[in-house]
Amino acid sequence: MAKRDHEFEEEKEIFREHIQKAGLRRTAQRDLILDIFLRTEEHLTSEDLYFLVHREDPSVGHTTVYRTLKLLTEAGLAREVRFGDNKTYYEHHFKHEHHDHMICTECGKVLEFFSPQIEDLQDQMADKFGFRPTHHSLRLWGVCAECQTAHMDSPTAPSGAQPRVKVRTNVSA
Ligand SMILES: [Zn+2]
Ligand SMILES: [Zn+2]
Ligand SMILES: [Zn+2]
């Protein structure tokens with residue numbers, strides 16, 4: 001469900017403060033980019049976000065979108081995530097619970113999951129090595145349930161090979 005605009009007041013305030021600290025001006029374009037980012041519950045590349053922003057205001061350039069995404073990341077509103085296709089995706093970070101990802105190498109679907117057991121095991125492993133983890137990103141590549149049913153006889157990549165990934169989002173850039 002799309003949230004009402006006023007529900008993003010806290011996020012907008014955080015962004016305003018960050019912009020100010022960075023010595024930048026608040027602009028209508030940056031506000032629009034933030035707004036569209038907050039309204040889109042997706043894993044987005046800067047190209048995807050540019051496509052969405054451009055639909056509402058064709059005067060916004062790609063560089064502005066890219067720089068604003070960097071600002072959103074610095075401000076803790078967005079986080080970067082990679083799925084193995086050499087692209088950087090951004091997802092909501094503020095007030096979003098930690099989760100990990102499964103990426104379908106057939107259709108590019110990205111599934112989110114969270115397992116307290118896996119999280120505990122990771123901490124235990126880190127402890128064992130005297131390692132102090134600051135963050136992690138657990139990603140599983142494979143074939144989703146739908147794709148398994150769709151092509152039962154599709155060949156699997158040789159083990160050790162880098163999976164070919166073509167991530168699919170609902171944004172058609
Ligand atoms: Zn995790
Ligand atoms: Zn799939
Ligand atoms: Zn995610």
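An α-helix has 3.6 residues a turn, so residues three or four places apart point the same way.

## The chain as a whole

The chain has 6 helices and 5 strands, which follow one another along the sequence in the pattern α-α-α-α-β-β-β-β-α-β-α. Of its 173 residues, 18% count as buried. Among contacts between residues at least 6 apart in sequence, 59% join residues that are at least 24 apart.

The mean pLDDT of the chain is 89, with 89% of the residues reaching 70 or more. Among the elements, helix 5 (residues 116–128) has the highest mean pLDDT, at 97, whereas helix 6 (residues 145–150) has the lowest, at 93. Where pLDDT is low, the predicted coordinates should not be read in detail.

The largest nonpolar core of the model holds 24 residues, of which Ile33, Phe37, Leu49, Val53, Val65 and Leu72 touch the most other members. At least two residues of this core come from each of helix 2, helix 3, helix 4, strand 2 (88–92) and strand 3, and helix 2 gives the most, with 5 residues. In soluble globular proteins, nonpolar side chains tend to be buried together.

Three strands form an open sheet in the order 4-3-5, with mixed pairing. Strand 4 (110–113) and strand 5 (139–142) stand at the edges and each has a single partner strand, so one side of each is left without a neighbour in the sheet. From one strand to the next, the twist averages 20°.

Within this sheet, strand 3 (residues 100–104) pairs with strand 4 in the antiparallel sense, over 4 bridges. Asp100 has Phe113, in strand 4, as its bridge partner.

## The hairpin of strands 1 and 2

Strand 1 and strand 2 also pair in the antiparallel sense, here over 5 bridges, and Arg79 has Glu91, in strand 2, as its bridge partner. These two strands form a hairpin with 5 residues between them, and Gly84, in the turn, has a positive phi of about 90°.

Asn86 lies in the loop between strand 1 and strand 2, and its phi is near 65°, a positive value in a residue other than glycine. Asn86 counts as exposed because it has 7 C-beta neighbours inside 10 Å, and the limit for an exposed residue is 12 or fewer.

Lys95, found in the loop between strand 2 and strand 3, is not a glycine and yet has a positive phi of about 55°. Most residues other than glycine have a negative phi. With 8 C-beta neighbours inside 10 Å, Lys95 counts as exposed.

His151 has its place in the segment after helix 6, and with 10 other C-beta atoms within 10 Å this histidine is exposed. Along the chain His151 and Glu106 are 45 residues apart, and their C-alpha atoms are separated by 9.5 Å.

How values were computed. Residues are numbered from 1 along each chain as its sequence is written. Chains are lettered from A and ligands numbered from 1 in the order in which they are written. This is a predicted model: local features need pLDDT of at least 70, side-chain atom pairs count only at pLDDT 80 or more; totals for chains, interfaces and linings use all residues. Two strands pair if DSSP finds at least two bridges between them. Axes are lines fitted to C-alpha atoms, for helices over the stretch in contact, and angles run from 0 to 180 degrees between N-to-C directions. A nonpolar core is a set of buried Ala, Val, Leu, Ile, Met, Phe, Trp, Tyr and Cys residues joined through C-beta atoms within 7 Å. A residue is buried if 20 or more other C-beta atoms lie within 10 Å of its own, exposed if 12 or fewer, and partly exposed in between; C-beta atoms are placed from the backbone. Two residues are in contact if their C-beta atoms, placed from the backbone, lie within 7 Å. pLDDT is the predictor's confidence in each residue, from 0 to 100.
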